[in-house]
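Colleague: I have a chain open on screen and want to talk it through. Can we start with the terms, then go to the fold?

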Amino acid sequence: MRERLFRGRLAEQVLAGLPAAARIADVGAGTGTLAIALAAAAPGAEVIAVDGDEEVLAIACAKPGAGQVDWRQGLAAELPLEDGGCDRVVLSLVLHHLDPEGKRAALAECRRVLRPGGRLHIADWGKPQDPLMRGALFALALLDGFDGIRDHAAGRLPGFVEAAGFEPVELHDRLRTAAGPLELLSAVRG
Ligand SMILES: C[S@@+](CC[C@H](N)C(=O)[O-])C[C@H]1O[C@@H](n2cnc3c(N)ncnc32)[C@H](O)[C@@H]1O
C-alpha cells in the first residue's frame, strides 16, 4: 500500500508551517505509526491520538516512542477535545469507513476542535482515473463496504469538506496503490 511513502508525505504536509507549541490531533489514529512519527519530528508539539477502538489503542501505546503521544479513546463524531484548541487535525484512512452522515459529523467535529486558520489533513481514497484504479477501489469496497467508499469513488469528498466549513480543498498528492487511488488533501478551517 506504499505506506511509508504516503505517511512520510502526509507527515511533511502536517508539519509544514507548524507554529511553536502546536497541538496536533490524529483522529482514527489506529496503531499510532503516524502520531508517533509526528511527535518525534516535532518534539515541541503536543500530539493527541484518538481512536474508537480500545484494542487498537493498546497496541499503539506499547510501541516505541508512544510515551510522547497523548492517547485518547473516542469517536470521530464526538471528539474528546476542547473547542478551537488544535493547529492541525489529521484523518488518515478514516472517512471511507463512515457513511455520508458519519463523514459530515466527523468533519464538523474536526472543524470544532481546530482553531480558526488551523488545517485539516486527509489521506483517503479518491476518484479513480483509470480502469486499474477503478478495479482496485471496487475490490476494497467489497471488503470495507460501499456506503463509505461510494462518495470517494465519485470524487465527492472535497465537497463534504468544504460543506463542513473549510476553505477550498487542496490536493497535494494522488498515489496509485494496490487498494486504489490514495489522495492527500488539506483544507483550512474557515
Ligand atoms: C484503516 S485504520 C487507519 C489508521 C491510521 N489512521 C492509518 O492511517 O494507518 C482506521 C482507524 O479508524 C478507526 N475508526 C473508524 N471509525 C472511527 C470512528 N467513528 N471514530 C474513531 N475512530 C474510528 C478504527 O478504529 C481504525 O483504527
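Modeller: Terms, then. A residue counts as buried if 20 or more other C-beta atoms lie within 10 Å of its own, as exposed if 12 or fewer do, and as partly exposed in between, with C-beta atoms placed from the backbone. Helices (H or I, at least four residues) and strands (E, at least two) are DSSP runs, numbered from the N terminus. The model is predicted: local features need pLDDT of at least 70 and side-chain atom pairs count only at pLDDT 80 or more, while totals for chains, interfaces and linings use all residues. Residues are numbered from 1 along each chain as its sequence is written.

Colleague: Fine. How many helices and strands are in the protein chain?

Modeller: Seven helices and seven strands. From the N terminus the order is α-β-α-β-α-β-β-α-β-α-α-α-β-β.

Colleague: Is strand E5 mostly covered or mostly open?

Modeller: E5 (residues 114-125) is mostly covered, with nine of its 12 residues buried. Strand E4 (residues 86-92) runs parallel to E5, and six bridges join the two. Arg88 has Arg119 as its bridge partner in E5. Between E4 and E5 the chain passes through helix H4 (residues 100-113) in a right-handed β-α-β crossover. Right-handed here means that, with the strands pointing away from the viewer, the path from the first strand over the helix to the second runs clockwise.

Colleague: Which way does E5 pair with E7?

Modeller: Antiparallel, over seven bridges, with E7 spanning residues 180-188. In E7, eight of nine residues are buried.

Colleague: What joins E6 to E7?

Modeller: A hairpin through two residues. E6 and E7 run antiparallel with seven bridges between them, and Arg174 has Glu183 of E7 as its bridge partner.

Colleague: Now helix H2. Which of its residues are buried?

Modeller: In H2 (residues 33-41), Leu34, Ala35, Ile36, Leu38 and Ala39 are buried. They pack against helix H1 (3-15) and strands E1 (23-27), E2 (46-51), E3 (69-73) and E4.

Colleague: What is Leu38 in contact with, leaving aside neighbours within four places in sequence?

Modeller: Ala11, Val14, Ile24, Asp26 and Val47. Contact means C-beta atoms, placed from the backbone, within 7 Å. Leu38 is also one of the residues that touch the most other members of the largest nonpolar core, which has 55 residues. Such a core is a set of buried Ala, Val, Leu, Ile, Met, Phe, Trp, Tyr and Cys residues joined through C-beta atoms within 7 Å.

Conventions
Two residues are in contact if their C-beta atoms, placed from the backbone, lie within 7 Å. Two strands pair if DSSP finds at least two bridges between them.
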